[in-house]
Amino acid sequence: MKTSIGNILISLLLSVLAGLVFGVAFSAPPVFFVIGFFLLSFIPIPQMGGIALETFYRQVWEKEAVKSVDSAMKDTFLDGIPDKSKYVIGNDEMQTINSVYFGVEPDVLINNTTYPIPLQELDGTPIAITLDKYQTKVTPITDDELFALAYDKIKEVNTSHTNAIVKNRLKKSIHALAPASSATNTPVLLTTGAATSDGLRKRLRWDDVVALREAWTKAGFALEDLRLVLCADHVNDLLLADIAFRKTYANFKNGIITNQLGFEIREYSANPYFTVSTKAKISFGATPTTNERQASVVFNTGLARKATGVMKVYKSKAENDPQNQRNLIAYRNYFICLPSVQREIGAIVSDIPA
């Protein structure tokens, strides 16, 4: 096996880093791990098409990708939603989760005096829910960047790809958590404030939030665990109308604005759009027309579910691309967020002035 001086140096650097990591993990002298990894780096593994440490490279990149996604998902409107990731099954091509884990509940007996307690089948029909597959487009990267384990290099590439994945996760999630249309169990209301200076929409008032709260109680829903995700326009409306809200907003941190009227309030700029005349949500990814306006979304965090599947980092080597002589790298990740039942989700849509 031909080994260049550059490869030897890279193997040595990787072995030192790996040795330090494993030495700390196993409370043993790192030098033994360094020597072991360095020797292993020259052992060919035909079925892998590379050397032993190549598996280590890939695992480190994927581990850093997971850490980067997890960090970016903190302090978002998805915080606190029950996570069912441990039930995800499948392979690299498809990841699914059984619908039973997404919200089937038994009846609850209070102060029961009759025994034995009756049996109850959880008769929800199991359905395999397919997780959404998020794939980044391919990025060219140099040999040094691809095989270097310097933290800044890994972080730079990971941040670019994982941020793109997280942005699309959030967009898809808030769209799924919004109701498809207005009904007793999924109220969609229109704003009633004054028209904006451009005449394109009516502003949100606190009265509109109270009206949503009234719709909630009339439907017999509990007011606990309610999260109101305001779109940017509606945040601006409340900032203009309410000095108290302006003061609390000025001090908000960690993605949480403040609790008001029983709602835990968050802000998100990519909320879904609704057709104003029908109060129907437009499809995900569709471009809104002049008859459609953005909405603020409300949902019960206890009735929503989320699940994360595998993170895969795909790469091809420059040596396999003699024409362009560049490495290629792309990421794939699986994720889904849905309401477990089609109730206790709602929206307030900006109305169009007459």
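User: Why is V88 called buried in this model?

Analyst: The model is a predicted one. V88 has a relative accessible area of 16%, and buried means under 20%, so V88 is called buried.

User: Where is V88 found, and which residues is V88 in contact with?

Analyst: V88 is found in the loop between α3 and β3. Leaving aside neighbours within four places in sequence, V88 is in contact with Q95, T96, I97, L131, A307, T308 and G309. V88 and Y334 are 246 residues apart in sequence, and their C-alpha atoms are 9.8 Å apart in space.

User: What makes β3 and β5 edge strands?

Analyst: Three strands form an open sheet in the order β3-β4-β5, with antiparallel pairing. β3 (89-90) and β5 (128-130) each have a single partner strand, so one side of each is left without a neighbour in the sheet.

User: How do you know that β3 and β4 pair?

Analyst: Two bridges join β3 to strand β4 (residues 95-98), and two strands pair if there are at least two bridges between them, so β3 and β4 meet the rule. The bridge partner of G90 is Q95 in β4.

User: What makes β14 a largely enclosed strand?

Analyst: Nine of the nine residues of β14 are buried, so the rest of the structure largely encloses this strand.

User: Which strands pair with β14, and over how many bridges?

Analyst: β9 and β14 run antiparallel and are joined by four bridges; here V229 stands opposite V297 in β14. Strand β12 (residues 273-275) and β14 pair in the antiparallel sense over three bridges, and Y273 stands opposite Q294 in β14. β14 and β17 also pair in the antiparallel sense, over five bridges, with S296 opposite I348 in β17.

User: Which residues touch the most other members of the largest nonpolar core, and which elements supply that core?

Analyst: The largest nonpolar core has 34 residues, of which F77, L78, L177 and Y331 touch the most other members. At least two residues of this core come from each of α3 (52-73), α5 (151-177), β14 (292-300), β15 (304-316), β16 and β17. α5 gives the most, with six residues. In soluble globular proteins, nonpolar side chains tend to be buried together.

User: What makes the phi of D225 and of E344 worth noting?

Analyst: Most residues other than glycine have a negative phi. D225 has a positive phi, near 65 degrees, and is not a glycine; D225 is found in the loop between α6 (206-218) and β9 (226-230). E344 is also not a glycine and has a positive phi of about 60 degrees. E344 is found in the loop between β16 (327-339) and β17 (345-349), and its relative accessible area of 8% is under 20%, so E344 is called buried.

User: How many helices and strands does the protein chain have, and what part of the chain is buried?

Analyst: The protein chain has eight helices and 17 strands. Buried residues make up 41% of its 354 residues. The chain exposes about 19400 Å², of which carbon and sulfur atoms supply 56%. Among contacts between residues at least 6 apart in sequence, 74% join residues at least 24 apart.

Note on methods
Residues numbered from 1 in each chain as written. Predicted model: local features only at pLDDT ≥ 70, side-chain atom pairs only at ≥ 80, totals over all residues. Heavy atoms only, no water. Buried < 20%, exposed > 50% of the residue type's maximum accessible area, 1.4 Å probe, protein only. Core = buried A, V, L, I, M, F, W, Y, C linked by side-chain atoms within 4.5 Å. Contact = heavy atoms within 4.5 Å. Areas by Shrake-Rupley, 256 points an atom, 1.4 Å probe, with all protein chains shown as cover.
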